Amino acid sequence: RLFAHDSIRRRLVQGSRAAAWIKSFAIALSILLFGLVMLRPQWGERAREVRNEGTDLLIALDVSRSMTARDVSPSRLDRAKDAIRLLAGSLRGDRIGLILFAGDAFLQCPLTTDMGAFAMFLDSAGPDSVRLQGTDIGKAMRAAERMFNKKRMTSRLFVLITDGEDHEGGVSGALSDLKDMGVRVYTVGVGKYAGGEIPEGGGDAAEAGVLRDESGTVVRTKKNAGLLERIARETDGEYLDITDSLSDAYA
């Protein structure tokens, strides 16, 4: 007001509308370009070697005669196989191996990514797969220990699927060694606490009768969840149960 007339002052203060639009466009364009730079776009191809190591899963399956008990439908062994198929189907590029055990234990399927071959070995597993009958969980754990010592494995995960009956008492020593190796054992129990009868010869109980001892008393087999819980607890693993459903196997 002191230095300019009203008409001149209005022209000086009003500015240019076009200049204001250009300024707004420049700010928006700057923000857009900044975001594009942060995304780091790249063109073309470049080959590089990527080393990807999956999980090695070692499973021990109890195929003793007690696993043919039908307190779980259709049988304990069939339910256990279904759980293993579920586990195998969830693996993506990982290796899986199978140990079978009863009174003895051996590696049925070495670690492999070939799920078709693994399924073939699993389907053929049964009480006749192991000549020495009985149940020796300690030997199954020793077989796993040999695998962890012999093979270069990306993980130390061991899944033990059984009704928990153990006739030899060798668990404690094998458990101590697995703990020292840092192996985590996930135990999976199958079977009713009340127990079930064992089909004679491992066949259909309705046709072949049931197994009896020398005195003629029917032999009943019961799940020993306490032992399996102990194995899992002392190795920082977990105890799961698939008697009523396979929901634990999904977890």
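In which element is the place of aspartate 56? Select aspartate 56 to begin the tour: this residue belongs to strand 1. Strands are DSSP runs of E with at least two residues, helices are runs of H or I with at least four, and both are numbered from the N terminus.

Some notes on the model come first. This is a predicted model, in which local features need pLDDT of at least 70 and side-chain atom pairs count only at pLDDT 80 or more, while totals for chains, interfaces and linings use all residues. Residues are numbered from 1 along each chain as its sequence is written, and side-chain values use heavy atoms, with hydrogens and water left out.

**The whole chain**

Display the entire chain, which holds nine helices and eight strands. Of its 251 residues, 39% are buried (under 20% relative accessible area with a 1.4 Å probe, protein chains only; exposed means over 50%, and partly exposed lies in between). Among contacts (heavy atoms within 4.5 Å) between residues at least 6 apart in sequence, 76% join residues at least 24 apart.

**Stop 1: aspartate 56**

Return to aspartate 56, which counts as buried because its relative accessibility is 2%. Apart from neighbours within four places in sequence, aspartate 56 has contacts with Arg95, Leu111, Arg152, Met153, Thr154, Ser155 and Leu157.

**Stop 2**

Select serine 73 and proline 74, which are joined by a cis peptide bond with omega of about -5 degrees. Proline 74 sits in the loop between strand 1 (56-62) and helix 3. In general, most peptide bonds are trans.

**Stop 3: helix 3 and helix 4**

Select residues 76-89 for helix 3 and residues 115-124 for helix 4; their axes are 11 Å apart and the packing angle is about 175 degrees. Axes are lines fitted to C-alpha atoms, for helices over the stretch in contact, and angles run from 0 to 180 degrees between N-to-C directions. Helix 3 and helix 4 are therefore roughly antiparallel (over 145 degrees; under 35 is roughly parallel, 65 to 115 roughly perpendicular and the rest oblique). Helix 3 contributes Lys81, Ile84, Arg85 and Ala88 to the contact, and helix 4 contributes Met115, Phe118, Leu122 and Asp123.

**Stop 4: glycine 138**

Move to glycine 138 in helix 5 (residues 137-150). Is this residue buried or exposed? Glycine 138 counts as buried, because its relative accessibility is 4%. Show glycine 170 as well: it is 32 residues away in sequence and 4.5 Å away in space, C-alpha to C-alpha. Beyond neighbours within four places in sequence, glycine 138 touches Asp166, Gly170, Val171 and Ala174, all by contact.

**Stop 5: helix 6 and helix 8**

Select residues 171-181, helix 6, and residues 225-234, helix 8; their axes come within 10 Å and cross at roughly 25 degrees. These two helices are therefore roughly parallel to each other. The contact involves Val171, Ser172, Leu175 and Lys179 from helix 6, with Leu227, Arg230, Ile231 and Glu234 from helix 8.

**Stop 6: aspartate 236**

Finish at aspartate 236, in the loop between helix 8 and strand 8 (238-241). Its phi is near 60 degrees, a positive value in a residue other than glycine. In general, most residues other than glycine have a negative phi. Aspartate 236 is exposed, because its relative accessible area is 59%.
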